[in-house]
Amino acid sequence: MGRDALGAELVAVAGAAGLVPHEVLGLLVRMQARCGLGDFAGAEGCAAAADALAARHGLPLVRVFTTWFRALRASLAGGGWEPYEEAVALLPGCGMPGFATGLPALARLTVAVRQGEQPSSDGDFGPYEPWVRPLLGAYGGADERDAAREALARVPQPPGDHLTGVLRGVAAEAARVLGTGPGPGGLVGAGSGLVALGAPGARELQGLRG
(Lines give C-alpha, C1' and ligand atoms only; values in the text may rest on other atoms or scores of the structure.)
Protein backbone atom coordinates (compact mmCIF):
# COMPACT_ATOMS: atom_id res chain seq x y z
CA MET A 1 0.00 0.00 0.00
CA GLY A 2 1.37 3.44 -0.95
CA ARG A 3 1.83 6.37 1.40
CA ASP A 4 -1.22 8.18 0.09
CA ALA A 5 -3.44 5.15 0.65
CA LEU A 6 -2.02 4.63 4.13
CA GLY A 7 -2.62 8.29 4.95
CA ALA A 8 -6.18 8.10 3.63
CA GLU A 9 -6.89 5.02 5.74
CA LEU A 10 -5.48 6.72 8.83
CA VAL A 11 -7.64 9.79 8.19
CA ALA A 12 -10.76 7.65 7.79
CA VAL A 13 -10.20 5.45 10.83
CA ALA A 14 -9.00 8.24 13.13
CA GLY A 15 -11.75 10.59 11.97
CA ALA A 16 -14.45 8.02 12.73
CA ALA A 17 -12.97 7.39 16.18
CA GLY A 18 -12.48 11.07 17.03
CA LEU A 19 -8.70 10.66 17.29
CA VAL A 20 -7.79 14.13 16.06
CA PRO A 21 -3.97 13.95 16.35
CA HIS A 22 -3.95 10.73 14.32
CA GLU A 23 -6.32 12.23 11.77
CA VAL A 24 -3.98 15.20 11.40
CA LEU A 25 -1.03 12.84 11.02
CA GLY A 26 -2.87 11.05 8.22
CA LEU A 27 -3.51 14.36 6.48
CA LEU A 28 0.17 15.33 6.71
CA VAL A 29 1.20 11.93 5.34
CA ARG A 30 -1.19 12.46 2.44
CA MET A 31 0.11 16.00 1.92
CA GLN A 32 3.65 14.69 1.52
CA ALA A 33 2.54 11.75 -0.62
CA ARG A 34 0.59 13.97 -3.00
CA CYS A 35 3.67 16.21 -3.33
CA GLY A 36 5.69 13.17 -4.32
CA LEU A 37 3.11 12.36 -6.97
CA GLY A 38 3.23 15.91 -8.33
CA ASP A 39 -0.33 16.65 -7.18
CA PHE A 40 0.31 19.93 -5.40
CA ALA A 41 -3.33 21.00 -5.52
CA GLY A 42 -4.31 17.77 -3.75
CA ALA A 43 -1.51 18.31 -1.23
CA GLU A 44 -2.84 21.82 -0.53
CA GLY A 45 -6.27 20.35 0.20
CA CYS A 46 -4.73 18.03 2.79
CA ALA A 47 -2.69 20.89 4.27
CA ALA A 48 -5.77 23.09 4.57
CA ALA A 49 -7.73 20.31 6.28
CA ALA A 50 -4.85 19.70 8.70
CA ASP A 51 -4.61 23.43 9.48
CA ALA A 52 -8.36 23.60 10.16
CA LEU A 53 -8.23 20.69 12.61
CA ALA A 54 -5.12 22.09 14.26
CA ALA A 55 -6.79 25.49 14.78
CA ARG A 56 -9.87 23.89 16.35
CA HIS A 57 -7.95 21.56 18.64
CA GLY A 58 -4.86 23.56 19.57
CA LEU A 59 -2.12 21.72 17.65
CA PRO A 60 0.39 24.48 16.82
CA LEU A 61 3.14 22.23 15.43
CA VAL A 62 0.99 21.38 12.42
CA ARG A 63 1.63 24.87 11.07
CA VAL A 64 5.35 24.12 10.86
CA PHE A 65 4.77 21.28 8.40
CA THR A 66 2.11 23.01 6.33
CA THR A 67 4.15 26.22 6.09
CA TRP A 68 7.16 24.27 4.86
CA PHE A 69 4.99 22.53 2.29
CA ARG A 70 3.66 25.87 1.01
CA ALA A 71 7.20 27.25 0.90
CA LEU A 72 8.24 24.29 -1.24
CA ARG A 73 5.27 24.75 -3.55
CA ALA A 74 5.88 28.48 -3.98
CA SER A 75 9.61 27.98 -4.47
CA LEU A 76 9.05 25.34 -7.15
CA ALA A 77 6.62 27.69 -8.89
CA GLY A 78 9.42 30.22 -9.32
CA GLY A 79 9.63 31.90 -5.94
CA GLY A 80 13.23 30.92 -5.22
CA TRP A 81 14.36 31.27 -1.62
CA GLU A 82 11.96 33.96 -0.41
CA PRO A 83 9.00 31.61 0.30
CA TYR A 84 11.18 29.67 2.75
CA GLU A 85 11.86 32.65 5.00
CA GLU A 86 8.59 32.29 6.94
CA ALA A 87 9.08 28.52 7.20
CA VAL A 88 12.61 28.87 8.59
CA ALA A 89 11.41 31.45 11.12
CA LEU A 90 9.07 28.84 12.63
CA LEU A 91 11.87 26.39 13.50
CA PRO A 92 13.51 28.00 16.57
CA GLY A 93 11.66 26.83 19.62
CA CYS A 94 9.42 24.46 17.70
CA GLY A 95 10.53 21.59 19.93
CA MET A 96 11.71 19.44 17.03
CA PRO A 97 15.52 19.72 16.96
CA GLY A 98 15.83 16.69 14.69
CA PHE A 99 13.56 18.42 12.19
CA ALA A 100 15.22 21.82 12.45
CA THR A 101 18.94 21.05 12.52
CA GLY A 102 20.42 21.36 9.06
CA LEU A 103 17.12 21.85 7.26
CA PRO A 104 17.42 25.61 6.51
CA ALA A 105 20.88 25.13 4.96
CA LEU A 106 19.66 22.12 2.99
CA ALA A 107 16.67 24.09 1.71
CA ARG A 108 18.92 26.94 0.56
CA LEU A 109 21.18 24.43 -1.21
CA THR A 110 18.27 22.82 -3.07
CA VAL A 111 17.02 26.21 -4.24
CA ALA A 112 20.49 27.09 -5.54
CA VAL A 113 20.77 23.78 -7.40
CA ARG A 114 17.34 24.21 -8.99
CA GLN A 115 18.31 27.70 -10.12
CA GLY A 116 21.56 26.48 -11.66
CA GLU A 117 23.70 28.32 -9.11
CA GLN A 118 26.69 27.15 -7.12
CA PRO A 119 25.40 26.19 -3.67
CA SER A 120 26.87 27.99 -0.69
CA SER A 121 28.79 26.17 2.01
CA ASP A 122 27.50 28.64 4.60
CA GLY A 123 25.21 27.32 7.29
CA ASP A 124 24.91 24.21 9.42
CA PHE A 125 23.99 21.17 7.36
CA GLY A 126 23.72 19.06 10.50
CA PRO A 127 22.94 15.39 9.80
CA TYR A 128 22.81 16.03 6.02
CA GLU A 129 26.49 16.98 5.78
CA PRO A 130 27.77 13.58 4.47
CA TRP A 131 25.55 13.92 1.38
CA VAL A 132 26.21 17.64 0.91
CA ARG A 133 30.01 17.51 1.26
CA PRO A 134 30.73 15.93 -2.16
CA LEU A 135 28.55 18.49 -3.93
CA LEU A 136 30.19 21.46 -2.24
CA GLY A 137 33.66 20.08 -2.96
CA ALA A 138 32.76 19.47 -6.60
CA TYR A 139 32.86 23.23 -7.23
CA GLY A 140 36.37 23.65 -5.80
CA GLY A 141 39.87 23.29 -7.22
CA ALA A 142 41.54 20.08 -8.29
CA ASP A 143 42.36 18.92 -4.76
CA GLU A 144 38.85 19.66 -3.53
CA ARG A 145 37.33 17.82 -6.48
CA ASP A 146 39.52 14.80 -5.79
CA ALA A 147 38.37 14.86 -2.17
CA ALA A 148 34.78 15.24 -3.36
CA ARG A 149 35.08 12.13 -5.54
CA GLU A 150 36.42 10.17 -2.58
CA ALA A 151 33.64 11.48 -0.33
CA LEU A 152 31.04 10.60 -2.96
CA ALA A 153 32.38 7.06 -3.21
CA ARG A 154 31.92 6.70 0.56
CA VAL A 155 28.59 8.46 0.88
CA PRO A 156 26.25 6.29 2.97
CA GLN A 157 22.79 5.18 2.06
CA PRO A 158 20.43 7.84 3.43
CA PRO A 159 18.13 6.85 6.28
CA GLY A 160 14.74 5.59 5.21
CA ASP A 161 12.71 8.68 6.00
CA HIS A 162 10.96 11.49 4.14
CA LEU A 163 14.28 13.06 3.05
CA THR A 164 15.72 9.91 1.45
CA GLY A 165 14.95 11.06 -2.09
CA VAL A 166 16.37 14.52 -1.51
CA LEU A 167 19.67 13.21 -0.14
CA ARG A 168 20.02 10.75 -3.02
CA GLY A 169 19.36 13.63 -5.39
CA VAL A 170 22.08 15.76 -3.75
CA ALA A 171 24.57 12.92 -4.21
CA ALA A 172 23.46 12.50 -7.83
CA GLU A 173 23.95 16.22 -8.45
CA ALA A 174 27.49 15.91 -7.08
CA ALA A 175 28.13 13.09 -9.55
CA ARG A 176 26.85 15.30 -12.38
CA VAL A 177 29.08 18.23 -11.45
CA LEU A 178 32.07 15.88 -11.09
CA GLY A 179 31.29 14.30 -14.45
CA THR A 180 30.75 10.81 -13.07
CA GLY A 181 26.98 10.51 -13.37
CA PRO A 182 23.87 11.95 -15.04
CA GLY A 183 22.52 13.82 -12.02
CA PRO A 184 18.98 13.73 -10.66
CA GLY A 185 16.27 13.46 -13.28
CA GLY A 186 12.92 15.19 -13.03
CA LEU A 187 11.54 16.45 -9.75
CA VAL A 188 13.32 14.61 -6.93
CA GLY A 189 12.43 14.53 -3.25
CA ALA A 190 9.17 16.46 -3.37
CA GLY A 191 7.59 13.69 -1.29
CA SER A 192 9.37 15.19 1.70
CA GLY A 193 6.90 18.07 1.61
CA LEU A 194 9.88 20.24 2.54
CA VAL A 195 12.50 20.56 -0.20
CA ALA A 196 13.14 19.15 -3.68
CA LEU A 197 15.65 19.05 -6.51
CA GLY A 198 15.13 19.04 -10.24
CA ALA A 199 12.63 20.70 -12.49
CA PRO A 200 8.85 20.25 -12.35
CA GLY A 201 7.23 18.90 -15.51
CA ALA A 202 4.35 20.58 -17.32
CA ARG A 203 1.65 18.74 -15.34
CA GLU A 204 3.39 19.53 -12.06
CA LEU A 205 3.75 23.20 -12.98
CA GLN A 206 0.03 23.40 -13.62
CA GLY A 207 -0.63 22.09 -10.12
CA LEU A 208 1.96 24.40 -8.60
CA ARG A 209 0.40 27.51 -10.09
CA GLY A 210 -3.23 26.45 -9.91
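Visitor: Which side chain meets that of E86 in a salt bridge, and how is such a pair read?

Guide: Side chains of opposite charge can pair when their charged atoms come close. Here the side chain of E86 meets that of R63 in a salt bridge, at 3.3 Å from N to O, the criterion being a Lys or Arg side-chain nitrogen within 4 Å of an Asp or Glu carboxyl oxygen. E86 belongs to helix α5 (residues 84–89) and R63 to helix α4, so the pair ties together parts that are 23 residues apart in sequence; helices are DSSP runs of H or I, at least four residues, numbered from the N terminus.

This is a predicted model, in which local features need pLDDT of at least 70 and side-chain atom pairs pLDDT 80 or more, whereas totals for chains, interfaces and linings use all residues. Residues are numbered from 1 along each chain as its sequence is written, and side-chain values use heavy atoms, without hydrogens or water.

Visitor: Are E86 and R63 buried, partly exposed or exposed?

Guide: E86 counts as partly exposed at 46% relative accessibility, and R63 is also partly exposed, at 43% (buried is under 20% relative accessible area, exposed over 50%, partly exposed in between, with a 1.4 Å probe and protein chains only).

Visitor: How many salt bridges are there by this rule, and which residue pairs with R70?

Guide: The count comes to 9 salt bridges. In one of them the side chains of R70 and E44 meet at 3.0 Å, N to O; because R70 lies in helix α4 (residues 62–79) and E44 in helix α3 (residues 40–57), this pair ties together parts that are 26 residues apart in sequence. R70 is partly exposed at 29% relative accessibility, and E44 is partly exposed at 22%.

Visitor: Where do E129 and R133 lie?

Guide: Both lie in helix α8 (residues 129–138), 4 residues apart, which is about one turn of the helix, and their salt bridge has its closest N and O atoms 2.8 Å apart. The relative accessible area is 32% for E129 and 38% for R133, partly exposed in each case. Elsewhere, D4, R30, R34 and D39 are linked in a network of salt bridges.

Visitor: How many residues does the largest nonpolar core have?

Guide: It has 62 residues, and those with the most contacts inside it are F40, V64, W68, Y84, F99, V170 and V195; such a core is a set of buried Ala, Val, Leu, Ile, Met, Phe, Trp, Tyr and Cys residues joined through side-chain atoms within 4.5 Å. Helix α10 (residues 164–178) supplies the largest share of this core, 8 residues. Leaving aside residues up to four places away in sequence, F99 touches V64, F65, W68, L91 and L194, contact meaning heavy atoms within 4.5 Å.

Definitions and conventions. Helix = DSSP H or I, 4+ residues; strand = E, 2+ residues; numbered from the N terminus.
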